[in-house]
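Please examine the sequence and the structure shown here.

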Amino acid sequence: MNSLANKNVLLGVTGGIAAYKSAEIVRHLKKSGSSVRVVMTESAKEFITPLTLQALSGNRVSSELLDAEAEAAMGHIELAKWADGILIAPTTANSLARLASGRADDLLSSITLAFDGPISLAPAMNQAMWSDKRTQENLDSLISKGFKVCGPGSGEQACGDIGLGRMLEPIEILELFSSSFTQGAMSGKNVLITAGPTQEPIDPVRFITNKSSGKMGYSLAEAAIESGARVTLISGPVNLETPPNCHKVSVETAKEMHEAVMHHIKGKDVYIGTAAVSDYSPVEVKNSKIKKDGSRSPLNLKLKENHDILKSVSGLEERPYVVGFAAETDGLIENAENKLKNKGLDLIVANDVSNEEIGFESDENEVTLITKTDQQLIPRQSKKKISKKIVEFISRRINEQNN
Ligand code: C5P
């Protein structure tokens, strides 16, 4: 946690039982060499006294927006200017909602609006409140705006329930918070990734899909986030957990994926299309289940070609660095090189899906990175390690382009 040394850290404390752990957070921050100022909400004072946090931080604790004396010493704008980073621990469900809606009706929310550096949140709430759709929507909206979320953890809660919602331990929170100050190779970059299969409906109970598990796209999203990027992941139906701090948009059909990509592409530095987008979809979707007629004559399904999402992105006037995937069963390099050219890509990642050990559903892969000028084999290893190498390759390229 060396990156916390000599940093001005503003610790926001909101009103939940986990506020008792804030004292330990202040102690760790001080030990790591940070200067700490604490801002409490009114309800936080019901759980821990300002005096405790003042004694540990060595600074007066602020909590009121309309306090003439405090504003004269260091007002909300000065506090926002003073801080290098803000950590709000615990962050209650109510605070999440208020931050997501951009309210400025108390000192802490006003400071976060006036602040333009990294803000980390350590949620703490009852498991049912955490899993409520509104909380999850608020969380997603904050992540899409660059807020970092540390936790929550799972286990027994103060109310007796068991589940997700416990605030992480202070040391775990600070490990995550300190990474806000380390510059990864993708720091400040906005990345859009597609992952998984699409489902093209035939009738209410049937659809056309493929074997894509989404593992490659999800692990690329994780690797890009770990190297400092802000990631939006547009995903078809998969059975995977969304990586922490990832803004996920769920879609089903190729048409929905195309629309979602076009909606989110503005301002992105990198686009990575790992999704196995269905090339065709039924011309007509039947309103009721198709019945067999017993005649044993063939059933004809008329298909229309879907938009090529990669081509749409690479054809944009203000285009990001565009990366495609070529999953091939034969002629791997030749087919991938053709796709690089025909789809106007900066990079294509070629992988041989005829080998089941490194194919769609596997945890391992072996890929060749192909650009207009060079080729690089990444030998067989976990999709996680491969993803790191692909992200490193992309970040080198975009940093070279910008220099
Ligand atoms: O042409 P092919 O489907 O093999 O190309 C694979 C690459 O193109 C992948 O990166 C995939 O995400 C992308 N693709 C797309 N839109 C389609 C079909 C494929 O973006 N309709």
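A backbone N or O atom of L310 lies 2.8 Å from an oxygen atom of the ligand, which counts as a polar contact (a pair of N or O atoms within 3.5 Å). Taken alone, the ligand exposes 450 Å², of which the protein buries 86%; accessible areas come from the Shrake-Rupley method with a 1.4 Å probe. The model is predicted: local features need pLDDT of at least 70 and side-chain atom pairs count only at pLDDT 80 or more, whereas totals for chains, interfaces and linings use all residues. Residues are numbered from 1 along each chain as its sequence is written, and side-chain values use heavy atoms, with hydrogens and water left out.

**Ligand site**

- A polar backbone atom of A275 is 2.6 Å from an oxygen atom of the ligand.
- A nitrogen atom of the ligand lies 2.9 Å from a backbone N or O atom of I309.
- The space taken by the ligand is the second largest pocket. On a 1 Å grid over the protein atoms alone, a pocket is an open set of points with protein on both sides within 12 Å along at least five of seven lines; a molecule sits in it if more than half of its atoms lie within 2 Å of its grid points.
- Two or more residues of the shell come from each of the elements α12 (309–314) and β16 (321–328); helices (H or I, at least four residues) and strands (E, at least two) are DSSP runs, numbered from the N terminus.
- The residues surrounding the ligand include G273, V277, D279, H307, D308, G324, F325, K339 and K343, where a residue is near a molecule if one of its heavy atoms lies within 4 Å of it.
- The shell divides into five nonpolar, three polar and four charged residues; Ala, Val, Leu, Ile, Met, Phe, Trp, Tyr, Cys and Pro count as nonpolar, Asp, Glu, Lys and Arg as charged, and the others, Gly among them, as polar.

**Surroundings of N138**

- N138 belongs to helix α8 (residues 133–144).
- Leaving aside residues up to four places away in sequence, N138 touches L96, A97 and A100, contact meaning heavy atoms within 4.5 Å.
- From C-alpha to C-alpha, N138 and P237 are 22 Å apart in space, and they are 99 residues apart in sequence.

**Backbone features**

- A89 and P90 are joined by a cis peptide bond with omega about 0°, and P90 is placed in strand β3 (residues 85–91).
- The peptide bond from G151 to P152 is cis, with omega near 5°; P152 is in the loop between β5 (148–149) and β6 (153–156).
- N245, a residue other than glycine, has a positive phi near 65° and lies in the loop between β11 (230–235) and β12 (246–250).

Definitions and conventions: A polar contact is a pair of N or O atoms within 3.5 Å; within protein, one must be able to donate a hydrogen and the other to accept it, and residues adjacent in sequence count only if both atoms are side-chain atoms. On a 1 Å grid over the protein atoms alone, a cavity is a set of points where a 1.4 Å probe fits but cannot get out, and a pocket is an open set with protein on both sides within 12 Å along at least five of seven lines; lining residues have an atom within 4 Å of a point.
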